Amino acid sequence: MAILKIARMGHPVLLGRAEPVADPTAPEIRRLVADMVETMIDANGAGLAAPQVHVPLRLFVFRASPDRGTNDPEDTPMATTVVINPTVELLGEDARLRWEGCLSIPGLRAAVPRAWRVRYTGVDGEGQAFSREATGFHAGVVQHEYDHLDGILYPMRMRDFSLFGFSEELARAAQAEAEARQ
Ligand code: NI
């Protein structure tokens, strides 16, 4: 296994439309998936899409750990998951602002409107097709990673650029606000 180099915003590989994976169980795809999981964990990310590691294929990996959730009881945590050739369907009209970051846009975070609930399908790392519903953080990560396959980065989804900043500054501001409320 190997840690892969992550493309940063500005690199054209992040703006293209990725191609379907012809054989999800091919050895080179298994190796890519294993390397992407290792890279995501090493970078402390919640998700990583193949174009981010310079491979323009329709697959991503993610994890929706409970500690990163929205604290909403509807949140559906998810262990490390592989999604190959995905589809995503937004369920309902309920879009909410959700803070997110991206390993291709290091150091920054923003509040991005995302559907609260989605249904997504794909093929897993063993070549098994699946269909699943997700809510909250899990649903947001799936939308973010899916966007990478169509060359969309989260700033392209933003509506309020006042909710965009460096993670460190945002954390400091949130801390100061919490202290002021006590
Ligand atoms: Ni991203």
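A residue counts as buried under 20% relative accessible area, as exposed over 50% and as partly exposed in between (1.4 Å probe, protein chains only). This report concerns a predicted model, in which local features need pLDDT of at least 70 and side-chain atom pairs count only at pLDDT 80 or more, whereas totals for chains, interfaces and linings use all residues. Residues are numbered from 1 along each chain as its sequence is written, and side-chain values use heavy atoms, with hydrogens and water left out.

**Helix H1**

Helices (H or I, at least four residues) and strands (E, at least two) are DSSP runs, numbered from the N terminus. The buried residues of H1 are Ile29, Leu32, Val33, Asp35, Met36, Val37, Thr39 and Met40. Their cover includes E1, E2 and E3, where contact means heavy atoms within 4.5 Å. H1 has 16 residues and spans 22 Å from its first C-alpha to its last, close to the expected 22 Å; that expectation is 1.5 Å times one less than the number of residues. Asparagine 44, with a positive phi near 60°, follows the helix.

**The sheet and its helices**

Five strands form an open sheet in the order E1-E2-E3-E6-E7, with antiparallel pairing; two strands pair if DSSP finds at least two bridges between them. Strand E1 (47-49) and strand E7 (129-135) stand at the edges with a single partner strand each, so one side of each is left without a neighbour in the sheet. On average, neighbouring strands of this sheet are turned by 40° against each other, direction ignored. E1 and strand E2 (residues 59-64) run antiparallel and are joined by three bridges, and glycine 47 stands opposite phenylalanine 62 in E2.

Helix H1 (residues 27-42) lies across E1, E2 and strand E3 (78-90), running at about 40° to E2. H2 also packs on the sheet, touching E1, E2, E3, strand E6 (117-123) and E7, and its direction makes about 160° with that of E2. Axes are lines fitted to C-alpha atoms, for helices over the stretch in contact, and angles run from 0 to 180 degrees between N-to-C directions.

**The nickel site**

The nickel ion is coordinated at 2.1 to 2.3 Å by Cys102 (SG), His144 (NE2) and His148 (NE2), with the donor spacing C-x41-H-x3-H along the chain. Cysteine 102 lies in the loop between strand E4 (95-100) and strand E5 (108-115) and histidine 148 in helix H2 (residues 137-149), so the pair ties together parts that are 46 residues apart in sequence. Both cysteine 102 and histidine 148 are buried. Donors are N, O and S atoms within 2.8 Å of the metal (3.2 Å for Na, K and Ca); water is not among the atoms, so sites may look incomplete.

**Salt bridges**

A salt bridge is a side-chain nitrogen of Lys or Arg within 4 Å of a carboxyl oxygen of Asp or Glu. The count by this rule is twelve, and the table gives examples.

| Glutamate 100 | Arginine 114 | 2.7 Å |

Glutamate 100 is buried at 3% relative accessible area, and arginine 114 is buried at 5%. Glutamate 133 in strand E7 and arginine 119 in strand E6 tie together parts 14 residues apart in sequence; glutamate 133 is partly exposed at 43%, as is arginine 119 at 29%. Glutamate 177 and arginine 181 both lie in helix H3 (residues 167-181), four residues apart, about one turn of the helix. Salt bridges that share partners join Arg98, Glu100, Arg114, Asp147 and Arg157 into one network.
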